[in-house]
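Subject: Structure handover

Hello,

Here is the structure we spoke about. Please open it alongside the notes below.

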Amino acid sequence: MSAMPGVVAVNTFREAVRDRVLYNLVFFGLLMMGAAILVGQVSIGINRLVIINLGLTAISVIGLVMAVFIGVGLIYKEMERRTLYSLLARPVRRWEFLAGKYAGLLLTLAVNTLFMTIGLAAALYYVGRPFVPADVTVLVAIYFILLELALVTAIALFFSCFSSPMLSALFTLAVYVTGVFAGDIRDFGALTKNPGVQVATRALYFLLPNFHNFNAIAAAGHGESVPVSLIWQNTLYAIVYACVVLTAASAVFARRNLK
Amino acid sequence: MAAAAIEIENLTKDYPAGFLRKRMRRSLDHLSLRVEEGEVFGFLGPNGAGKTTTLKLLMRLIFPTEGTARIRGRSIEDVPMHAEIGYLPEQPYFYDHLTARELLDYYARFSGFDRAERKRRVTRYLELVGIAAAADVQLRKFSKGMLQRVGIAQAIVHEPKVIFLDEPMSGLDPVGRREVRDIILDLKRQGRTVFFSTHILPDAEMLCDRVAVLAGGKLQGTGAPGEIVGIEVQSMEVLFETPGGTGVPAAIAQQASRMGARYRIEVGEANLYEAMDRLRDAGARILSVTPVRPTLEEYFLRLVGREAAAAHAVEMVTR
């Protein structure tokens, strides 16, 4: 196994940290503190639901914003600033560089999510609620958010290989939103009597990433368990889909002439 | 025959041009070159001649339309071979969140050195390029000249056999230029091959065993600097000052131009001694005598003509 992606990944993580990307944690911390204090005063018996829903939604949204807006610049910025020139002149394959950038951003997102998870746990502790075994579902929901971010990052990286950050962000967000409603699009197609629309919506359903399955926030809020089969299924789906997207990104980037 | 350090065969690069990208602009036209091991090889040409395109092709940053290249007998597509080469891009820009020390350490990691070896090399090369004092300053605070020095250090930190430098003197002050020249000569003494592009003729004259001249993407010739450019002294420039500002001797007053408290005359090589005698007779103090040579740009204008050069640079080939 080549060590090159690891070297690139560590540098990508270090760049994110030094560019103060993790400052969003301050915002998350303040949100959780405010929510904990407010919820303790106004809600009766639904502290858990409100804090978990708010916390998980914030983790998801902040992670998504980071994945999209850092992901779309990952390769483009390197090409624009020409920082990858002296790197690619070394014994580094282009796919190794891509894999390193991807792993570096994933590491950043994982560390960010870890700190937000600690913040959420602190908020739950503050409102005086003891931890119960059902809270494992909260961790599962966070794990699903991470899988979702891994997919979004791969898609953003793919677009970053051939288009500007603005367009890449638009494309990535479009894929994300369509992916969230992939099931609804297929159901809509089934309702129509037009075979062409049915084929198109079914194709979209299978081609686009199905983000709906990664949302376990409601289950976590209500303390419902998540089937182990779904955890396996989502894990496998995210790995396979991300690998396919990254392979496509590598194919595009491999023959790209750098300005 | 032993493998050359660099062998280039018919290397050609076309770029799409025009709104519909149906036309092709030829940036490099069937370039063939051979550079031997241990040579300092200058790649000369005016801006837009195709020098950077050639270097980018050799570094596989762009891909050739036609042709091949080998370095030390191995194809440029052979990725592990790139462990044997170093590259300084033109106007380099590096990760500005890193310090110079961290950047060199980062690049040294790609050569698989252990921590102790990396530390030794990084310290050595930071000192060599004269930025040891700023080793722990983030690169975002570096001047252009300092970045150029870091760029040279990263190109040689892994002690490669063949080093490619794209305009290595660019952005450097006279002291920096001198230091870079010393580094190149030192690399030559170590038996390494240095291939550098420049449009500054004196650099090539001073450093190169051989040069290649490129104009409009086409090779104009290769050889020793004097041979290829046909450097001839056009005239001699004499700088002098007169005692107490008494004025220029009448015989050469028409030729002289004033530069503050000093005067400058340009005379033919054959008339130099006569002019100097006159100045001496008039009590003038001669400050310097410098041969005036054509610049590379002048050489190119003579070689291909202004219009022809422009036509070469934007040669259009309909697909």
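Helix 7 and helix 12 (residues 228–254) of chain A have axes that come within 8 Å and cross at roughly 15°. The two helices are therefore roughly parallel to each other, since an angle under 35 degrees counts as such. The model is predicted, so please read all of this with that in mind. Helix 7 of chain A passes helix 12 of chain A in a left-handed crossing. From helix 7 of chain A, the contact draws on A:V140, A:F144, A:L147, A:A150, A:L151, A:A154, A:I155, A:L157 and A:F158. Helix 12 of chain A answers with A:I231, A:N234, A:T235, A:A238, A:Y241, A:A242, A:V245, A:L246, A:A248 and A:A249. By class, this contact holds 17 nonpolar and two polar residues, with no charged ones.

Helix 7 of chain A has another partner, helix 3 of chain A. The axes of helix 3 (residues 47–71) and helix 7 (residues 136–160) of chain A also come within 8 Å, and they cross at roughly 15°. That angle makes helix 3 of chain A roughly parallel to helix 7 of chain A. Here the crossing is right-handed. On the helix 3 side of chain A, the contact includes A:I52, A:L56, A:I59, A:G63 and A:V68. Among the residues they meet as a group in helix 7 of chain A are A:V138, A:I142, A:I145, A:L149 and A:V152. A:L157 of helix 7 of chain A is listed in the contact with helix 3, and A:L157 is also listed in the contact with helix 12. The helix 3 contact has 14 nonpolar and five polar residues, and again no charged ones.

Next, where the chains meet. The contact takes 21 residues from chain A and 21 residues from chain B. On the chain A side, helix 1 (4–18) and helix 5 (85–88) are the elements that give two or more residues. Helix 1 of chain A gives the most, with six. What is the class make-up of the side of chain A that touches chain B? It has eight nonpolar, four polar and nine charged residues.

Now chain B. It has 10 helices and 15 strands. Of its 319 residues, 41% are buried. Take the contacts in chain B between residues at least 6 apart in sequence: 71% of them join residues at least 24 apart.

Chain B holds an open sheet of six strands, in the order 6-7-8-3-9-10, with mixed pairing. Strand 6 (85–88) and strand 10 (218–223) of chain B stand at the edges. Each has a single partner strand, so one side of each is left without a neighbour in the sheet. Neighbouring strands are turned by 15° against each other on average, direction ignored.

Within that sheet, strand 3 (residues 40–44) and strand 8 (residues 193–198) of chain B run parallel, joined by five bridges. B:V40 stands opposite B:V194 of strand 8.

Which strands do the helices of chain B touch or cross? Helix 4 (residues 144–156) of chain B lies across strand 6 and strand 7 (162–166), running at about 170° to strand 6. Helix 5 (residues 174–189) of chain B packs on the sheet and touches strand 3, strand 7 and strand 8. The direction of helix 5 of chain B makes about 150° with that of strand 8.

Best wishes

Notes: Residues numbered from 1 in each chain as written. Chains lettered and ligands numbered in written order. Predicted model: local features only at pLDDT ≥ 70, side-chain atom pairs only at ≥ 80, totals over all residues. Contact = placed C-beta atoms within 7 Å. Helix = DSSP H or I, 4+ residues; strand = E, 2+ residues; numbered from the N terminus. Nonpolar A, V, L, I, M, F, W, Y, C, P; charged D, E, K, R; others polar. Axes fitted to C-alpha atoms, helices over the stretch in contact; angles between N-to-C directions. Parallel < 35°, antiparallel > 145°, perpendicular 65-115°, else oblique. Left-handed = near helix turned anticlockwise from the far one by under 90°. Pairing = 2+ DSSP bridges. Buried ≥ 20, exposed ≤ 12 C-beta atoms within 10 Å, placed from the backbone.
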